[in-house]
Amino acid sequence: MPDGDGKFRIGIKYCGGCRAHYERAAETARVTEALCPSGRYDFELAQPGIPYDVLLVATGCATACPSLSPYTYGRAVTITAAGGGAAAAEEIRKIAETPAELFG
Amino acid sequence: MPLMTGEQYIESLRKLDVKVYMFGKEEKNWIDHPIIRPSINCVAMTYDLAHDPEYEDLMTATSNLTGHRVNRFTHLHQSTDDLIRKVKMQRLLGRKTASCFQRCVGMDAFNAVYSTTYECDQKHGTHYHENFKNYMIYVQDNDLTIDGAMTDPKGDRGKGQGAQADPDLFVHIVERRPDGIVVRGAKAHQTGSINSHEHLVMPTQAVGEADKQYAVSFAVPSDAPGLFMVYGRQSCDTRKLEPGADVDLGNKQFGGQEALVVFDNVFVPNERIFLCEEWDFAGMLVERFAGYHRQSYGGCKVGVGDVIIGAAALAAEYNGADKASHIKDKLIEMTHLNETLFSCGIACSCEGCPTAAGNYQIDLLLANVCKQNVTRFPYEIVRLAEDIAGGLMVTMPSERDFKSDLKVPTASELTLGDWCNKFFKGAEGVTTENRMRILRFLENICLGTSAVGYRTESMHGAGSPQAQRIMIARQGDFETKKKLAKTIAGIKE
């Protein structure tokens, strides 16, 4: 369900990192590296009030405590552990390839 | 400027005309002094992380007063979630600095004064809460660091405020004027006081009616006329003055700070007065500040503990002892102790409740249990760290010896550095310098400058152990527990 410009918009949101068990930024970088070459995806740090197709949430532990309520998004994809970036990229790719009408 | 950067914070300190004394003389350029600067770097970290997307979720909050995004260190807690996030933020900063980052005392004072002034106004018809709300907006909008100043020198502990031979041993009002009050006295052990833009003063203990001039709370800038500070020296502090010192410092970048803050007839304008002889609210203010601050230790010390556990694990690796089962067990024990402290900090936050003013306070019993554990567990954690590190932590030569090119006149014709590196080599693949670095880090935290923050501050900061035991006795609800026992045991009286 891309925007009018055809780009699939992804907002990146980090938890506060009080006891992060892995490098969250390294995992989100894996996602951008996997998806950016296609030219289909736009990534930015998530800001309240801006609509995103996917909110990519990188949390330092499974508690995943950040509140997502200030954000506007279609689906949230969460990374909670090291190595989660690859699976997150695949999940986003699937979401992007799913026809918009399948979303409620 | 709702959120300053670390650099902006440091520059803002330069604009103040703060009077700092150290080693018997006034230190004009205290901001760049090698002994003081690491403590300033710590506070700067509280500013920088608020701008970092990876940490802003904890480091910032939305002000209930203005709706602006503010640094959480200036926030009035609006929910139990805010209380939890406060503890998590403190753990984060402990992990980033391995030091006391000093800004918690202000945050804890804000929340205590906010609710106490509200209740004081309700009873006495005073206007302190409005004064304080205006002050908080000023603090939040300018992203200030504030010294929450509670501890008076106290003189003879067997006597109260008014019975001291020297009345100045507790901060008190010496003159009331139409435009404000004049105060006199001192606050001791003031964490981060020199690095603070202002001081928010509170009474140090409950006050009786006869001593009501000691029931005073107010705020003044750090460069108010009549205010000066004397830097508190720390174990091994002059190592920071050694030319090129690096490895031997253990933690070159960060550190804590305490000072004596003297008020020699300092004027306080009416709009900055938050308690003025309403003696029946002094105890409430003390109890609430202490409660918040005892919660704080369940975050900050845990973050520092994380770094100590990591350092101990590295020391074991560098010594080639990391596979030994007793080493693994000691690391597990350190983790158990550290996470127990975190559990207490989180628990007293989860069980928090709203005050009449609307901000949230912690569960007092659980916060005091938290701090009581903090008076003990960090000592065991550093004991285990010393055990794992080995005696070399305190016996190895200086970094200048390790780096020395001086030829030692023996048959081998090696340099002093060669000899030191040869005999202090540890596990294969580990440089001697890295081994030195981790051992010096542990030395610093166990018995150097950082031991001030991790050990003795854990014992006495936010109140000595007996202060918590008094609160635990008050909050322990023994009567209810006796009834429970009677019911189960079938006792009918």
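With 493 residues, chain B would have a radius of gyration near 23 Å as a compact globule, and its value of 24 Å agrees with this; the radius is taken over C-alpha atoms, and the globule rule is 2.2 Å times the number of residues to the power 0.38. The model is predicted, so that local features need pLDDT of at least 70 and side-chain atom pairs count only at pLDDT 80 or more, while totals for chains, interfaces and linings use all residues. Residues are numbered from 1 along each chain as its sequence is written, chains are lettered from A and ligands numbered from 1 in the order in which they are written, and side-chain values use heavy atoms, with hydrogens and water left out.

Along the principal axes, the C-alpha atoms of chain B fill a box of roughly 85 × 70 × 50 Å. Chain B has 17 helices and 14 strands, where helices (H or I, at least four residues) and strands (E, at least two) are DSSP runs numbered from the N terminus. Six strands of chain B form an open sheet with mixed pairing, in the order 2-1-10-11-7-6; two strands pair if DSSP finds at least two bridges between them. Strand 2 (25-26) and strand 6 (172-177) of chain B stand at the edges with a single partner strand each, so one side of each has no neighbour in the sheet.

Within this sheet, strand 1 (residues 20-22) and strand 10 (residues 227-231) of chain B pair in the parallel sense over two bridges. B:Tyr21 stands opposite B:Val230 of strand 10. Strand 6 and strand 7 (residues 180-191) of chain B run antiparallel and are joined by five bridges. B:Arg176 has B:Ile181 in strand 7 as its bridge partner, and a hairpin of two residues connects strand 6 to strand 7 of chain B.

Over all chains, the whole structure holds 42 salt bridges, each defined as a side-chain nitrogen of Lys or Arg within 4 Å of a carboxyl oxygen of Asp or Glu. One of them pairs the side chains of B:Arg91 and B:Glu339 (2.7 Å, N to O). B:Arg91 belongs to helix 4 (residues 80-97) and B:Glu339 to helix 8 (residues 325-350) of chain B, so the pair ties together parts that are 248 residues apart in sequence.

Chain A has two helices and four strands, which follow the pattern β-α-β-β-β-α along the sequence. With 104 residues, a compact globule would have a radius of gyration near 13 Å, and the 13 Å of chain A agrees. The C-alpha trace of chain A spans about 40 × 30 × 20 Å along its principal axes.

The contact between the chains (heavy atoms within 4.5 Å) takes 15 residues from chain A and twelve residues from chain B. The area buried between chain A and chain B is about 1,200 Å², with carbon and sulfur atoms giving 50%; buried area is the accessible area (1.4 Å probe) that two parts lose on being put together, summed over both. In chain A, the most area is lost to chain B by A:Gly16, A:Cys18 and A:Arg19, together 45% of what that side buries. Two salt bridges are counted between chain A and chain B. The side chains of A:Arg24 and B:Glu54 meet in a salt bridge (3.4 Å, N to O). Strand 1 (8-14) and helix 1 (24-35) of chain A each supply at least two residues of the side that touches chain B.
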